[in-house]
Every structure is written in structure tokens, then in C-alpha cells.
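Q: I have a structure open and would like to go through it piece by piece. Can we start with the chain that is written at the top?

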Amino acid sequence: MTTSTLSVLPLWILLLPLFGFLFNALAYPLAAGGTSKTHPGVAGSVASLFMGASFVLALLGYGKILGGADALHQPLYDWIHFGELKFSLALHLDPLSSMMTLIITGIGSLIHIYSIAYMSHEKGVSRFFAYLNLFCFAMLFLVLSDSLLGVFFGWEGVGLCSYLLISYWYSDEANVQAARKAFLANRVGDLGFVLAMALIYTQMGTLSFAELIAGVSGAAVAPWLFGAAALLFFAATGKSAQLPLYVWLPDAMAGPTPVSALIHAATMVTAGVYLFVRMHVFFELAPALMSFVAWIGVVTALLGGTIALVQTDIKKLLAYSTVSQLGFMFIAVGVGAYQTAMFHLMTHAFFKALLFLGAGSVIHACDGEQDMRKMGGLAKALPWTHLFMLVGSAAIAGLPVFSGFFSKDEILYMTLAQGRGNFLLFGLACVAAFLTALYAIRLLTLTFWGPSHFKGHPHESPLLMTGPLFVLAVLATFGGFLGIPHEWAHDAHQLSLWLSPVVAVTGGHEAALSEALVSGFAVLISVIGLGLGYAIFRKNPDLKVLGLEKLWAAKYYLDEIYQAVLVRPLHALGALVERGLEQGFMFRLGDWMGTGVQWSGDRLRAIQNGDLQAFTLLLVTGLVLVLGILWTWAHI
Amino acid sequence: METGNVLHLLSAYLFCLGLLALLLRRNTLIMLMGIELMLNAVNLSFVTFSRELNQLNGQLQVFFVITLAAAESAIGLSILVNIYRNFGSIKTDRTTSLRG
Amino acid sequence: MGEAVVHVLAALAAFLGLFVVFARNPFTCAFALVGLMVCLGGIYGLIGAHFVAALQVIVYAGAIMVLFVFAIMLMNLNEEESEYSWGHWRTYAALLLSAAVFLILGSGVNAWLSDTRKPSSGVWTFDHVREVGGNVVALSGQLFSKDYIQFEIISLLLLVASVAALILAKRKVD
């Protein structure tokens with residue numbers, strides 16, 4: 001393999017999903033004579049094939065960096081070159097983006113394969129696969145881009161695909177509403193991104209990561225920098241479903257389950273975390289903000305965890321779980337443990353994709369039923385799905401050996417070991433971890449164990465669905481061994497070694513507690529949570545804790561608060577404008593213009609008398625006037 | 001007076017006469033003649049400039065203008081023939097069906 | 001001698017122009033215009049533009065004006081009713097506008113004559129034209145090299161115009 005073929009590697013990782021999109025969006029529907037006539041097998045196979053090929057290329061890129069290359073940098077072209085304004089597009093494959101690329105293409109391929117079977121009863125699935133491929137393209141663009149502007153392009157692209165996929169079943173109005181909510185909430189966050197880019201560009205004159213980081217390194221902390229960092233954080237809360245903009249994610253479960261697994265669990269929602277890790281040098285210059293980020297993270301984790309406890313919809317439960325886990329990642333980012341955040345991002349992608357796809361398998365088996373209270377006792381009918389869900393739950397709850405154990409314990413440990421961490425943060429994070437175990441066991445108990453409430457005959461899913469589940473289960477089980485703590489074995493934390501060229505490990509000071517102790521404590525919490533949860537939920541699916549469950553079921557009334565504070569006043573303003581400005585003035589203005597034109601036309605038609613002489617007279621009068629004005633102009 | 005100046009003035013004068021014919025006359029044919037007169041005035045201007053500046057471009061331009069004038073009068077006259085057939089006259093005060 | 005003749009011809013042309021505009025009989029107008037064009041042709045010839053002079057007499061005074069005369073006879077237009085009248089405001093408006101245009105053009109001519117920064121003189125002086133073999137040779141040299149594309153385009157225009165004239169003159173298009 002020559003250097004020239006390697007240098008275009010990032011581009012081809014990116015382009016293959018785009019080709020898949022073009023096939024499924026244009027070529028195949030045209031050939032088949034309409035989207036509704038497309039066959040799920042063909043559309044899905046081609047889409048999966050392109051994703052798989054992209055995954056192979058991502059592996060090649062990984063191997064190349066493993067072989068000693070610093071990074072594969074590939075300038076594409078000057079996107080905007082206008083006077084002094086210049087933005088170049090370039091792809092940059094370094095350890096960090098390589099890791100993200102592997103996650104996206106790897107899990108993406110598995111979910112594509114899974115979708116072939118999952119969507120096999122649907123009509124016109126080429127649209128679904130086209131969106132899915134387009135999403136992968138945008139997401140890869142996001143992680144491969146070497147500048148904020150490119151990231152923004154991907155950022156908007158994934159937002160668009162998320163919107164399109166949530167409203168995939170667009171004939172149902174609730175889905176469309178959910179999609180619109182997701183789009184608008186994201187748009188609010190994106191405003192922060194745009195403002196941040198503008199601010200950074202005016203101050204630094206560049207948006208390229210390399211130049212930005214070189215520019216701010218060692219610089220004195222400026223107020224604008226704090227502002228830009230805060231705006232970027234605001235953007236990240238939108239995309240990564242943190243407070244205050246998390247409200248869209250649970251509603252986004254209206255989309256097909258593979259979409260929830262890929263976009264709303266494994267990849268897109270981690271974009272905010274990725275952005276923080278990518279620009280951590282920048283963010284480290286605003287330590288006060290980062291403490292705030294950690295606090296937002298822990299509050300979000302608690303919020304998501306508690307709401308998840310009272311959900312009855314299996315996908316909603318997982319959605320709030322995602323919100324909670326993303327909160328964990330933001331805790332890690334906030335305290336400055338970037339490699340830990342990436343570690344949890346990876347393991348979370350494994351086990352949450354597994355859980356979502358497993359849930360999809362359950363829903364598939366129960367003919368589209370999503371309410372856990374109507375399930376129960378499915379373990380016998382779905383032995384494989386049951387097994388994989390067990391693995392996923394063990395991983396999310398953080399039982400030893402499973403991947404979640406390593407990553408979550410590392411986050412808990414980092415809340416103590418890092419400079420910005422403290423015991424209160426640690427304590428709250430532990431509560432969140434306890435909640436995690438509780439809702440994990442609730443999912444299992446209600447769905448698989450306990451008395452059966454399902455009327456139909458559930459059937460195990462086909463191999464095309466269990467296959468990807470199996471691969472994800474293996475990953476969710478053993479993925480954690482990439483991050484064995486330093487304390488246990490020297491230089492065994494493969495992930496932080498791998499990321500070290502991009503993210504310097506900031507060990508900080510010695511923690512008050514040893515990592516082994518923290519791990520033991522965390523395992524204890526999980527076991528207590530699991531045991532307690534089993535005891536509670538075996539008998540009664542509904543939780544009762546001092547009346548708090550009503551608050552949780554109402555999602556802390558956040559939707560209502562937004563409705564009252566933002567939506568209603570805007571509606572009222574809209575109504576006011578409609579009545580006052582539009583009907584009172586604009587409509588009448590139209591009438592006035594109409595009557596005015598009619599009136600003047602009635603009088604001016606006298607000029608239009610059909611006499612050629614009169615026309616020429618007018619024409620020459622105009623000519624003389626114009627020339628006269630020009631002449632006067634030239635002689636003044 | 002110098003010849004160049006005389007010719008420039010003659011050009012301007014003929015142009016205005018052509019314009020006057022266009023504005024004044026009710027006979028469409030004579031309006032067309034006015035246009036021809038204006039074109040001639042412009043030609044004269046071209047040739048005079050060509051002479052003053054020792055260039056050939058002006059005369060070349062006149063060549064093109066004459067060709068254009070031939071095309072214009074051919075079409076103009078055929079339109080007039082049609083008007084005459086339809087209205088029985090080519091006076092502008094008779095052909096006023098294009099009015100508001 | 002040439003200069004004087006040019007002046008005489010110019011005066012004659014100016015005089016004939018008045019007939020074109022004000023004569024009531026279309027025949028008078030047409031023949032005045034023929035005479036005016038011949039005068040202009042003479043001027044062209046006398047100031048060195050021989051080829052244009054020939055074109056002026058052959059194409060303008062010959063072909064185009066004959067077409068006009070034919071049109072007059074075809075349409076039986078030698079009646080004089082409903083022409084311009086000196087009692088109508090339009091006549092004065094037309095005169096006024098023409099005078100204004102004349103003033104503007106005159107000021108342009110004046111600006112040109114009094115301008116000291118005239119563009120540099122070209123190479124085609126009287127003597128140089130004589131050297132290459134005369135006005136026609138010089139012009140055709142330019143026309144069939146530098147201006148060849150324009151020449152071809154204008155020939156297309158003539159083709160289109162003749163087809164259009166044919167179609168228009170037919171009573172019915174079948």
C-alpha cells in the first residue's frame with residue numbers, strides 16, 4: 001500500500017456511507033420505480049455493505065496510526081475563500097477521531113445489519129437506510145473534521161438526520177411533534193455553537209483545531225474565551241441531552257428502535273463529549289466553567305436516573321438512562337478526566353446499543369408493544385435476547401468484569417482524584433450509580449421475569465438480529481479491559497495510552513481514597529441496588545418513595561415549565577402579532593395597495609391611447625430627462 | 001469653420017431631424033424614414049471620428065450599421081404592408097387598437 | 001477645393017433634411033432623403049472613406065430608398081390628409097424635444113472638440129491607407145481578419161431578416 005492511497009483513507013471512510021445514501025436515496029428507488037417498491041433486503045444489504053467497507057477502512061486507519069503515523073491529515077479544498085475570510089476543509093484522523101470512527105462505523109454496521117431484519121415488515125425501507133447512511137456520513141464528518149466549521153457541518157447534519165429518522169413514521173402526528181421538538185431543542189443549542197464560532201473567529205482569526213489550540217496554549221485567560229467556552233457548552237447540552245436542553249431525547253424514542261440505538265444512544269448524543277475532549281486545551285482555560293459542567297453532569301445523571309425509575313415504556317426508560325449516562329460523561333469532562341469520558345463514551349456505546357437493540361428485539365417479539373407492564377416472563381420465549389439483556393444490564397449497572405464497571409468506577413474515582421472534584425460530587429455520582437443499578441434491574445424484572453402479562457405468542461428474533469446483539473454483548477463484556485486502572489497494572493490502561501497524543505492524562509493529585517476502595521464501594525452500591533430493586537419490583541412494578549414518584553413521573557415538570565415559560569409566551573406573542581400587525585396592518589396594506597393601483601391605473605390609462613406618436617413622445621421625453629440629469633450631474 | 005466640426009454639427013442636426021420626423025409625422029412610412037435618417041447621422045459621426053483619429057474601426061462600424069439598416073427597413077416595410085392590409089391605412093391615428 | 005465642396009454638400013444635406021421632415025407628400029420626403037444620402041455619400045468620398053461612400057450610394061440611396069418608394073406606390077400613399085398641423089400642441093412638443101436633444105448632442109460635440117486629452121491617433125493616416133493600396137484594401141483587410149466573426153454574424157442577421165420579411169409579406173402563413 002502506497003502513501004498516496006493511505007492519504008485518501010479518511011476521505012473514503014467518509015464517502016462510502018455517502019455512496020450508500022446516494023444508492024438508497026436515488027439509484028435504488030429510481031430503478032425500482034418508487035421508494036415504496038424497494039425491498040428491505042436489498043436496501044439494507046447495500047447500506048450495510050457500505051458501512052462495513054467503511055469500518056474496514058477505519059480499521060486500516062487505526063492500524064496505520066498504531067504503526068506509528070501521528071495522524072492522517074488530508075486537506076480537501078478551500079471551502080470559503082473570500083478576501084481575508086478563509087476556511088479550508090480538511091480531514092484529520094488522529095487517535096481520538098480514529099476511536100470515534102471505529103465506534104461509529106463498527107456499531108453503525110451492526111445496527112445496519114440488525115435493521116434489515118427489524119425493518120423487514122416495513123414498506124419502502126430504502127428511505128430508512130438512506131437516512132441511516134446519511135447520518136453516518138454526517139457523524140463521520142463531525143469526528144474527522146479538523147476545524148470547528150467542519151464539526152458544525154457534521155453537527156447540523158446529524159441533527160437533520162435525527163429529525164428525519166424520529167419522524168420516519170411521519171403519518172403519526174406524535175412522531176412528527178417529537179421530531180420537531182428534537183429539532184428545535186437542538187437548534188437552540190446550535191445557536192450557541194454559531195455564536196461561539198463567530199466569537200472565536202473574531203478573536204483568533206481561525207477555526208482550525210490545531211491553530212486554535214496552539215493559539216490559546218499558555219495564553220492568559222480572557223473573558224471572551226470564557227464566553228466562547230460557555231457557548232460551546234450550551235451547544236453541547238443541546239446535542240448531548242444535558243440540562244437544560246435534554247427534554248428532546250426521551251421524545252426522540254418515537255423513531256424506530258435501531259435509530260434510538262445508533263443515534264440517540266451510541267453516537268450522535270456523544271458529539272458534545274467529543275467536542276469537549278477535542279478542545280480540552282481550550283476548555284481547561286475556563287476552570288470555573290468546567291466545575292459547572294461537572295455539576296450539570298451530576299444533576300443530569302440524577303435527574304435521568306430518577307425519571308427512568310418510573311417509566312413504563314421500555315424505550316423511554318432506556319432514553320432516560322442515556323441522559324443519565326451522558327451526565328456521567330459530563331462529570332468526567334468537567335473534572336478534567338477526558339480519557340475517562342472517552343472510555344465511558346465507548347463502553348456506553350457498546351452496552352447501550354446492546355440494550356436498545358435488545359429492547360428492539362423484545363418489541364419485535366411482542367408485535368410492537370412497548371409498555372413493560374404488559375410484558376413479563378419473556379425469559380423463556382426469548383432466551384438469547386434475555387441473555388444479552390442480562391449482559392447489557394450487568395454492564396450498565398457496573399458489575400465487575402463487565403465494561404461499565406471499569407468506566408464508571410473510573411469516573412467515580414476521578415471525581416476524587418482530579419483537582420476540580422470533591423466528596424459532594426463523588427457522593428452524588430454514587431447516588432446516580434445506585435439509581436442506574438435500580439432501573440437496570442427494573443427493566444429486567446418487568447420484562448423478562450415476573451408474571452407474564454403478554455397475551456400473544458412472543459417469538460425469538462431471527463439470526464440477523466441476534467447476531468449483532470451477540471457481537472455487542474461480547475464488546476459490552478470485554479470492552480472494559482481496554483481501561484484497566486493504573487493502580488492494578490502499570491500501563492495497562494490501553495485507552496489512555498492510545499489517546500495520549502491527543503489528550504494528555506491529567507492525573508492531578510493523589511486521591512483521598514485508593515481506586516480499589518472506590519471500586520469496591522461502587523460494586524457494593526450496585527449489588528445493593530440490584531438486590532433492592534429485585535426485591536421491590538418483583539412484586540410491584542410501580543415504585544413508591546415518599547410521593548417523589550409523582551414528581552419523577554411528571555419528569556420534574558420540566559416540560560410544563562418550558563411550556564409555561566417559553567412556549568406559551570411565544571404563542572401569545574405570535575397571536576398578538578397575528579391580530580395586531582398582520583390582520584390590523586399587513587392585510588389592510590395589501591388592500592390599500594390594490595385599491596391604490598386600481599385607482600391610479602384608471603387615471604393613467606389615458607396615456608395608453610394606442611397612438612404611436614404619443615408613445616414616441618413619452619419615450620423621447622424620458623430620454624431627454626435622463627440625458628439632462630446626466631448632463632447636469634457631469635457639469636456640477 | 002473646420003471640416004470636422006461642420007460634419008459633427010451636421011451629424012447632430014440630422015439626428016435631431018430624424019427624431020423630429022419620428023415625433024411629428026403621422027405617416028408610419030415617414031417615421032421609418034426618420035429612423036433611417038438618424039442611422040445616417042450616426043454613420044456620419046462614425047466616419048468623421050474615423051477620419052479624425054486615423055482609425056478604420058469607425059468605417060467598419062458603418063458597414064455593419066448599413067447592413068443592420070437594410071434588415072430593419074426590410075422588416076419594417078413588411079410590417080407596414082401588413083398594417084396597411086389590416087387597417088387600410090398606415091397613419092398612426094388610424095391604428096390605435098393597442099390602447100388601454 | 002475638396003473642403004469647399006464638403007461644406008457645400010453639408011449645407012445641401014441640411015437643407016434636404018428639412019424636406020424629409022416637413023414635406024407633406026411622401027414622394028417628396030423620399031426623394032429628399034435620396035438626395036440627402038447621395039450628399040452624404042459625396043462627403044464620405046471626399047473625406048477619404050471611399051468604400052463607405054460606395055455603400056452609401058448603392059445600398060442606401062439605391063436599394064433601401066427604392067424599397068421605400070415601392071412601398072409608397074404599393075400602398076397608394078400620396079394622399080396628404082391627417083398629417084401634422086401647426087395648430088397642434090404636439091407639433092411644438094416634438095420641436096421642443098428635438099431641440100433639447102440637439103442641445104445635448106451639441107454639448108457633447110463641443111466637449112469633444114474642446115477636449116485636450118484626445119485618445120492617441122491611430123496608424124491609418126491618409127498616407128498609410130494609400131500605401132497599403134487604398135481605403136477598400138485596408139478595410140477589407142480588417143474586415144476579413146479581425147472582424148470576421150462579426151461579419152459572419154451580421155450575415156446571419158440578414159438571412160433571418162429576409163426570411164422574416166418574406167413571412168410577414170405573405171398574406172397567410174399556411
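A: Chain A has 25 helices and 2 strands. Helices (H or I, at least four residues) and strands (E, at least two) are DSSP runs, numbered from the N terminus. The model is predicted, so local features need pLDDT of at least 70 and side-chain atom pairs count only at pLDDT 80 or more, while totals for chains, interfaces and linings use all residues. Residues are numbered from 1 along each chain as its sequence is written, and chains are lettered from A and ligands numbered from 1 in the order in which they are written.

Q: How much of chain A counts as buried?

A: Of its 636 residues, 51%. Buried means that 20 or more other C-beta atoms lie within 10 Å of the residue's own; with 12 or fewer it is exposed, and in between partly exposed, the C-beta atoms being placed from the backbone.

Q: Which residue stands opposite Y77(A)?

A: L89(A), in strand 2 of chain A.

Q: Now helices. How do helix 15 and helix 16 of chain A pack?

A: Helix 15 (residues 314-335) and helix 16 (residues 338-365) of chain A pack at an angle of about 175°, with their axes 9 Å apart. Axes are lines fitted to C-alpha atoms, for helices over the stretch in contact, and angles run from 0 to 180 degrees between N-to-C directions. The two helices are therefore roughly antiparallel to each other; angles under 35 degrees count as roughly parallel, over 145 as roughly antiparallel, 65 to 115 as roughly perpendicular and the rest as oblique.

Q: What kinds of residues make up that contact?

A: By class, the contact of helix 15 with helix 16 of chain A has 13 nonpolar, 5 polar and 2 charged residues. Ala, Val, Leu, Ile, Met, Phe, Trp, Tyr, Cys and Pro count as nonpolar, Asp, Glu, Lys and Arg as charged, and the others, Gly among them, as polar. Two residues are in contact if their C-beta atoms, placed from the backbone, lie within 7 Å.

Q: Where is G336(A), and is it buried or exposed?

A: G336(A) is in the loop between helix 15 and helix 16 of chain A. It counts as buried because it has 24 C-beta neighbours inside 10 Å. Its C-alpha atom is 7.7 Å from that of E284(A), 52 residues apart along the chain.

Q: Which residues of helix 8 of chain A are buried?

A: In helix 8 (residues 209-216), F209(A), L212(A) and V216(A) are. They cover an arc of only 65° around the axis, which puts them on the same side of helix 8 of chain A. The arc is that of the directions from the helix axis to the C-beta atoms.

Q: How many residues are in the contact of chain C with chain B?

A: It takes 68 residues from chain C and 58 residues from chain B. Helix 3 of chain C supplies the largest share of the chain C side, 12 residues. That side has 52 nonpolar, 13 polar and 3 charged residues.

Q: And chain A with chain B?

A: There, 10 residues of chain A are in contact with 11 residues of chain B.

Notes: Two strands pair if DSSP finds at least two bridges between them.
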